[in-house]
Amino acid sequence: MASRLEAATKQFRTPLLLSRNFVDLMSKSATSMVRQIDCVTVKGSNEPMGLYTFDTDLTAVESEPQSLTLNSPAEKEENTVNDILTYSHHDYTDEFKENPDITKVHNATPEFLQKFGEAFQAYIDGDWGKSRDMINSIINERVDSNGEPVRDGPSETLLEVMGRTNFQAPKDWAGYRALTEK
């Protein structure tokens with residue numbers, strides 16, 4: 001399953017896809033930061049599976065670590081490179097909302113997630129004209145770390161899927177589709 005999800009990241013134009021089974025294991029806080037972007041069946045299975053993503057801005061990640069300056073031998077002993085370069089060993093009340101390593105790369109506002117959720121529900125319900133209109137109103141709402149608009153890949157994918165049938169859900173639409181592209 002992991003290899004199928006990894007391959008599908010290209011289709012959805014997102015670096016990270018999560019299955020419904022994985023999302024069900026996440027904390028409430030972490031779950032509030034992901035969004036369902038499709039419901040599909042994969043080759044070898046007839047069971048519909050929710051697909052989710054955690055919207056990330058990879059331009060917010062520094063490609064080169066900052067140089068380290070440790071002032072004393074004691075400081076060198078106390079601090080590891082990992083402790084200095086990341087916030088992984090800090091205590092957080094709500095890591096997904098407080099950890100700078102996470103908050104720096106997450107680039108979907110709660111408002112965007114809510115609007116997309118409504119558009120996605122229209123898609124699942126088979127009201128593809130409504131879904132299209134709602135997606136078109138938000139497709140450029142996400143921004144990168146420089147404040148530049150980012151065209152939303154999962155939204156583009158849903159528009160393409162719905163556009164194949166002129167934004168009319170198939171008569172046998174059951175709220176999911178076969179994921180056939182690689």
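Me: Why is Thr-41 called buried in this predicted model?

Reply: Buried stands for a relative accessible area under 20%, and because Thr-41 has 10% relative accessibility, it counts as buried. Thr-41 is part of strand E2, and, apart from residues up to four places away in sequence, it touches Asn-46, Glu-47, Pro-48, Tyr-176, Arg-177, Ala-178 and Leu-179.

Me: How do you know that Ile-138 is buried or exposed?

Reply: The relative accessibility of Ile-138 is 1%, and since the cut-off for buried is under 20%, Ile-138 is counted as buried. The residue belongs to helix H9, which covers residues 128–138. Once neighbours within four places in sequence are left aside, its contacts are Phe-112, Lys-115 and Phe-116; of these, Lys-115 lies 23 residues away in sequence, with a C-alpha to C-alpha distance of 7.5 Å.

Me: What makes Phe-54 count as buried or exposed, and where is its place?

Reply: Phe-54 has a relative accessible area of 9%, and the limit for buried is under 20%, therefore Phe-54 is buried. Its place is in the loop between strand E3 (49–53) and helix H4 (73–78). The C-alpha atom of Phe-54 is 6.5 Å from that of Leu-16, although 38 residues separate the two along the chain.

Me: Why are the buried residues of H1 said to line one face of the helix?

Reply: The buried residues of H1 are Leu-5, Ala-8, Thr-9, Gln-11 and Phe-12. Viewed down the axis of H1, these buried residues fall within an arc of 160 degrees, so they line one face of the helix. Ser-3 and Lys-10, on the other side of H1, are exposed. The elements covering the buried residues of H1 include strand E1 (18–19), E2, E3, H10 and strand E6 (177–178), and just after H1, Arg-13 adopts a positive phi of about 55 degrees.

Me: Which residues have the most contacts inside the largest nonpolar core?

Reply: This core has 28 residues, and those with the most contacts inside it are Phe-12, Leu-51, Phe-116, Tyr-123, Ile-135, Leu-158 and Met-162. At least two residues of this core come from each of helix H1 (2–12), strand E2 (35–41), E3, helix H8 (110–125), H9 and helix H10 (153–163), and H8 gives the most, with six residues. Leu-158, leaving aside its neighbours within four places in sequence, is in contact with Ile-37, Asp-38, Phe-116, Phe-120, Tyr-123 and Ile-135. There is also a second, separate core of eight residues, which includes Leu-18, Met-26, Met-33 and Phe-54.

Terms used. Residues are numbered from 1 along each chain as its sequence is written. This is a predicted model: local features need pLDDT of at least 70, side-chain atom pairs count only at pLDDT 80 or more; totals for chains, interfaces and linings use all residues. Side-chain values use heavy atoms; hydrogens and water are left out. Helices (H or I, at least four residues) and strands (E, at least two) are DSSP runs, numbered from the N terminus. Buried means under 20% relative accessible area, exposed over 50%, partly exposed in between (1.4 Å probe, protein chains only). Contact means heavy atoms within 4.5 Å. A nonpolar core is a set of buried Ala, Val, Leu, Ile, Met, Phe, Trp, Tyr and Cys residues joined through side-chain atoms within 4.5 Å. The arc is that of the directions from the helix axis to the C-beta atoms.
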